[in-house]
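Thanks for making time this morning.

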Amino acid sequence: MNTYLIKRNFLKFRVDIFLFFLLFLSSGCSQLSSLPYSSIKPQSIELDLPAEDEGIGGLITSDVNDDGQKDLIVTKPGHLVVYQGNGQKLWAKQIDIQVAKKSEKNGLPGWHGPGVQAGDVDGDSKTEVLFLTKDNTIHIVEGESGKTKKTITLKSPAGTERWEHLVITNFRGQGDRDLLLQTTNSEGYRTGVFLAAYAIDDLLKKEDPQPLWTRDDFVPNAHNGARVADLNGDGKDEVLGATLISPDGEILVQIPLKGHLDAIYVTDVRPDIPGLEVVALEERGGSDGNRVFLFNSDRLIWETHYKNQEPQNAAIGDFDPNRPGLEIWSRSRYGEHQKPFVFDAQGQFIANYEMDNVAPRGWTVRGVEVIFTIDWTGEEKQLAAAKERHESGDVAIFDPLTGEFVYRFKEKADRLYVADVSGDWREELIVLNGNQLHIYSNPEPNPNPNRSRLWSQNRYRRSKMTWNYYSP
């Protein structure tokens with residue numbers, strides 16, 4: 001080969017390498033932005049509900065008719081409907097159920113709060129459905145039929161309008177036989193400082209039931225109702241907020257807030273510490289506020305922040321199986337161009353990125369909202385699910401550690417809920433789209449089919465009953 005051909009081929013090789021390098025960089029930057037819509041087709045259930053949506057009401061899942069399968073309960077203003085997982089309607093009520101818009105202005109349970117509970121509360125081995133109506137009445141109805149078993153009207157504390165939020169609990173170690181009621185002050189910035197605990201047997205059988213205990217100084221999440229979980233494994237539930245309340249109604253821990261809580265979660269962040277931990281996100285608090293707290297029923301474990309930027313919403317999960325414990329992903333507050341950041345189980349900053357750089361093409365610049373940790377693949381590594389922010393938009397599954405979008409589902413999602421409804425312990429995406437429910441399941445074989453269902457966990461059952469927009 002002559003010198004000319006050698007030089008020409010060498011130059012061509014260099015050009016090819018350069019073009020390949022450019023193509024590699026381009027594909028790395030644009031691969032996710034050209035992510036196609038997922039080919040997974042959802043199960044669709046037509047609901048006996050108005051299609052109009054104002055962000056009021058929500059949904060939960062429970063085995064309402066006790067046939068071993070998960071059913072779906074959906075609420076909207078003036079409506080409560082119950083459907084089997086196969087789409088058959090069990091019953092519906094047109095009733096003035098206590099659901100609300102922004103809780104700090106309108107009371108609990110806040111945006112997307114379902115305002116309904118389900119469980120065997122009287123020991124008859126059958127599920128009951130419980131909810132409040134705006135006339136300050138507790139309704140206990142048969143899960144299978146919706147037939148009323150008991151209505152109880154209880155006076156709410158002075159300075160309040162009505163009881164607004166209810167949670168099935170276990171305060172006395174006798175199973176789901178207790179009820180927590182919560183309400184907000186009726187004037188000014190409303191927060192759920194008022195609590196009352198009742199034995200459900202007393203509500204069912206006594207003419208003048210008296211509370212087990214009450215409090216008027218609870219420091220709650222500012223935007224949604226109280227959560228409960230058995231933090232220390234003693235078989236009884238604590239009430240979760242910036243103050244942790246014992247099953248007996250005593251304050252166990254109070255974290256040093258400078259602002260107010262924006263969101264709260266419960267899970268086993270630190271497996272090296274006995275029991276469960278609470279993750280709480282602070283909004284405001286001055287130049288040294290906007291913190292993330294980790295605490296349990298004994299103490300504050302740590303507090304941290306990322307440049308004192310507001311964390312606002314979170315997802316907590318095993319996003320990096322090579323690290324001990326769970327990771328805490330925070331969305332950040334930005335109205336547009338979100339910049340999430342991630343902490344490890346010890347509160348150390350480990351990652352951040354700009355959502356605009358990882359979101360698929362056409363995704364809103366406002367980012368994501370209603371963010372759930374999701375066990376989608378069946379592998380150890382967990383992912384997160386969310387919908388497009390501030391619109392009835394698409395739904396996606398993404399990797400919180402890197403921001404990579406794994407699936408995108410073409411939707412007009414008004415509400416998003418994540419729970420195990422199919423029975424193989426992995427979780428499904430449940431989307432409320434107008435007056436339809438769309439249920440997305442992973443069609444791939446489960447690599448770990450023998451794992452126990454998530455519903456066997458106390459904190460999972462409790463959280464799936466008490467979620468709302470701010471704290472899925």
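Let me begin with a term: a residue is called exposed when its relative accessible area is over 50%, buried when that area is under 20%, and partly exposed in between. Please also keep in mind that what you see is a predicted model.

With those cut-offs, arginine 284 is exposed, because its relative accessible area is 52%. Its salt-bridge partner is glutamate 283, with the closest N and O atoms 3.8 Å apart, and glutamate 283, at 4% relative accessibility, counts as buried.

In one of them, aspartate 272 meets arginine 270 with an N to O distance of 2.9 Å; here the aspartate is exposed at 54%, while arginine 270 is buried at 13%.

The other joins glutamate 310 to arginine 333, their closest N and O atoms being 3.1 Å apart. This pair links distant parts of the chain, since glutamate 310 sits in the loop between β21 and β22 and arginine 333 in the loop between β23 and β24, 23 residues apart. Glutamate 310 is buried at 8%, whereas arginine 333 is partly exposed at 38%.

There is also a network, in which salt bridges with shared partners join Asp122, Asp124, Glu128 and Lys149.

Finally, which residues form a negative surface patch? They are Asp66, Asp67, Glu142 and Glu144. Of these, aspartate 66 lies in the loop between β2 and β3 and is partly exposed, with a relative accessible area of 37%.

Notes: Residues are numbered from 1 along each chain as its sequence is written. This is a predicted model: local features need pLDDT of at least 70, side-chain atom pairs count only at pLDDT 80 or more; totals for chains, interfaces and linings use all residues. Side-chain values use heavy atoms; hydrogens and water are left out. Patches are made of residues with over 30% relative accessible area and no salt bridge: like charges are joined within 9 Å, nonpolar side chains (Val, Leu, Ile, Met, Phe, Trp, Tyr) within 5 Å. Accessible areas come from the Shrake-Rupley method with a 1.4 Å probe; for residues, only the protein chains shown count as cover. A salt bridge is a side-chain nitrogen of Lys or Arg within 4 Å of a carboxyl oxygen of Asp or Glu. Lys and Arg count as positive and Asp and Glu as negative; His and the chain ends are not counted. The place of a charge is taken as NZ of Lys, CZ of Arg, CG of Asp or CD of Glu. Helices (H or I, at least four residues) and strands (E, at least two) are DSSP runs, numbered from the N terminus. Buried means under 20% relative accessible area, exposed over 50%, partly exposed in between (1.4 Å probe, protein chains only).
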